[in-house]
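Q: I would like to learn how to read a model of this kind, starting from the overall layout and ending at single residues. Could we take the features one at a time?

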Amino acid sequence: MRLVVDLNKCQGYAQCAFLAPDVFSMHGEEALVYNPRAEEEQREKLARAVAACPVQAITADGLHGAGAGSDEAARESSDAH
Ligand code: SF4
């Protein structure tokens, strides 16, 4: 799966690194590093990270086929706000 983070939007909140640590990590206080070709197994975590990003900086291909997992992630993240 391919993903892109708009680093102009990204504020370094690290929600994504917390939810999908195999895809996203923080280097220092604000620099986000990510794998633009995430493994298929990361789909569910990635969906959570996309939903949780406070500034919607993450765009990922093919997340909408994720089924129940992504609905659940969306619900969980709206509860968290
Ligand atoms: S959650 Fe969004 S704003 Fe925070 S580090 Fe990840 S991409 Fe950036």
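A: Let us begin with the inventory of elements, keeping in mind that this is a predicted model. The protein chain holds three helices and four strands, and from the N terminus on these elements follow the order β-α-β-β-α-β-α.

Q: What percentage of the residues in the protein chain is buried, and what percentage of the contacts between residues at least 6 apart in sequence joins residues at least 24 apart?

A: Buried residues account for 32% of the 81 residues in the protein chain. Of the contacts between residues at least 6 apart in sequence, 59% link residues that are at least 24 apart.

Q: How do β2 and β3 run relative to each other, parallel or antiparallel?

A: A general idea for reading any regular strand is that its side chains alternate between the two faces of the sheet. In the present case, strand β2 (residues 24-27) is joined to β3 by four bridges, and the two run antiparallel. His 27 stands opposite Ala 31 in β3, and in the hairpin of β2 and β3, with three residues between the strands, Gly 28 adopts a positive phi near 75 degrees.

Q: Which residues touch the most other members of the largest nonpolar core, and which elements give two or more residues to this core?

A: The largest nonpolar core has 21 residues, of which Cys 16, Leu 46, Ala 49, Val 50 and Ile 58 touch the most other members. The elements that supply two or more residues to this core are β1 (3-5), α1 (15-19), β3 (31-34), α2 (43-52) and β4 (58-60). It is α2 that gives the most, with six residues. As for Ile 58, once its neighbours within four places in sequence are left aside, its contacts are Leu 3, Val 5, Cys 16, Ala 49, Val 50 and Cys 53.

Q: Why does Gln 15 count as buried, and with which residues is Gln 15 in contact?

A: The cut-off for a buried residue is 20 or more other C-beta atoms within 10 Å, and Gln 15 counts as buried because 22 such atoms lie within 10 Å. Gln 15 is placed in helix α1 and, leaving aside its neighbours within four places in sequence, is in contact with Ala 49, Ala 52, Cys 53 and Pro 54.

Q: Which residues come nearest to the ligand, and how is the shell around the ligand made up by class?

A: Among the 15 residues around the ligand, Cys 10, Tyr 13, Gln 15, Cys 16 and Cys 53 come nearest. By class, this shell comprises twelve nonpolar and three polar residues, with no charged residues.

Notes:
Residues are numbered from 1 along each chain as its sequence is written. This is a predicted model: local features need pLDDT of at least 70, side-chain atom pairs count only at pLDDT 80 or more; totals for chains, interfaces and linings use all residues. A residue is near a molecule or strand if its C-beta atom, placed from the backbone, lies within 6 Å of it. Ala, Val, Leu, Ile, Met, Phe, Trp, Tyr, Cys and Pro count as nonpolar, Asp, Glu, Lys and Arg as charged, and the others, Gly among them, as polar. A nonpolar core is a set of buried Ala, Val, Leu, Ile, Met, Phe, Trp, Tyr and Cys residues joined through C-beta atoms within 7 Å. A residue is buried if 20 or more other C-beta atoms lie within 10 Å of its own, exposed if 12 or fewer, and partly exposed in between; C-beta atoms are placed from the backbone. Two residues are in contact if their C-beta atoms, placed from the backbone, lie within 7 Å. Two strands pair if DSSP finds at least two bridges between them.
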